[in-house]
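Hi everyone, thanks for having me.

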Amino acid sequence: MIEYIKGKLIDLTPTEIVVETAGGVAYKCLISVQSYSAYHEQSATEVTVYIHHYLREDDEQYFGFFSKDERSLFQLLISASGVGAATARIMLSSLTTDELRTAIISEDVNRIKGVKGIGVKTAQRIIVDLKDKVIKGGGADTSSATLIAVNNSQVVDEASAALVMLGFAKTAVMKAISAVMKTHPSAKTEEIIKLALQCL
């Protein structure tokens with residue numbers, strides 16, 4: 001399994017990225033507009049592309065992502081009934097990862113069906129299939145999140161649960177709480193929630 005491809009950026013369009021590795025092999029990967037914008041803003045000649053290898057009997061493609069977080073959500077989306085890789089890429093091109101998670105958690109059918117190719121039934125199915133998983137942190141990569149002191153774990157858990165219930169995406173919540181705990185390490189649950197809301 002390929003985790004990522006790292007190398008020289010050869011070509012970048014809103015739908016594709018081509019990266020040449022040290023061995024002289026160039027890989028073409030399908031990307032979302034979200035990833036395109038991130039690579040475009042980065043303006044780097046050396047890039048890292050996180051990979052989802054899509055393999056079927058008659059088709060083989062590499063889907064590339066600027067971040068592990070976007071890839072994790074893509075993989076969660078394609079696990080939903082009626083959502084294929086192409087549809088998931090369109091969803092990630094139309095909405096940011098946080099916007100998608102928030103729409104799923106808040107059961108915002110209209111926001112989801114606003115994506116081209118997504119009808120009411122598919123939007124409802126995505127919510128039914130994925131809401132609980134997203135609330136529990138599914139489809140999010142938190143490996144790079146700042147670690148929070150163990151002695152604060154209870155208040156952090158309480159604050160995190162409250163903010164997720166308010167409709168914020170778990171990944172965004174944890175990033176906000178991590179930022180709060182850096183400057184207010186002894187904050188109580190209510191303080192963490194108020195300060196985190198300012199970051200979200």
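**A helix with a kink**

Let's start with helix α6, which has a kink of about 40° centred on Asp 129. Keep in mind that we're looking at a predicted model.

Next, which residues of α6 are buried? They are Ala 123, Ile 126, Ile 127, Leu 130 and Val 134. Here's a handy bit of background: an α-helix has 3.6 residues a turn, so residues three or four places apart point the same way. Have another look at that list of buried residues in α6 with this in mind.

And what do those buried residues pack against? The answer is α2, α3 (85-94), α4 (97-105), α5 (109-113) and α8 (170-183). Just after α6 you'll find Gly 137, with a positive phi of about 100°.

Is Arg 71 buried or exposed? Its relative accessibility is 9%, and buried means under 20%, so Arg 71 counts as buried. Leaving out residues up to four places away in sequence, Arg 71 touches Glu 3, Tyr 50, Ile 51, His 52 and Phe 65.

Now a quick word on cysteines. Cys 29 is buried, at 1% relative accessible area, while Cys 199 is partly exposed, at 48%. The disulfide count for this model is 0.

Time to zoom out. The protein chain has 9 helices and 5 strands, and along the sequence they come in the order β-β-β-α-β-β-α-α-α-α-α-α-α-α. The chain's radius of gyration is 18 Å, close to the 16 Å that the globule rule gives for 200 residues, so it is as compact as a globular protein of that length. Along the principal axes, the C-alpha trace spans about 55 × 40 × 25 Å.

Of those 200 residues, 39% are buried. As for the surface, the chain exposes about 11000 Å², with carbon and sulfur atoms supplying 51% of it. Last one: take the contacts between residues at least 6 apart in sequence, and 53% of them join residues at least 24 apart.

How values were computed
Residues numbered from 1 in each chain as written. Predicted model: local features only at pLDDT ≥ 70, side-chain atom pairs only at ≥ 80, totals over all residues. Heavy atoms only, no water. Disulfide = S-S within 2.5 Å. Buried < 20%, exposed > 50% of the residue type's maximum accessible area, 1.4 Å probe, protein only. Contact = heavy atoms within 4.5 Å. Bend = angle between axes of the 7 residues up to and from the residue. Helix = DSSP H or I, 4+ residues; strand = E, 2+ residues; numbered from the N terminus. Rg over C-alpha atoms; globule rule 2.2 N^0.38 Å. Areas by Shrake-Rupley, 256 points an atom, 1.4 Å probe, with all protein chains shown as cover.
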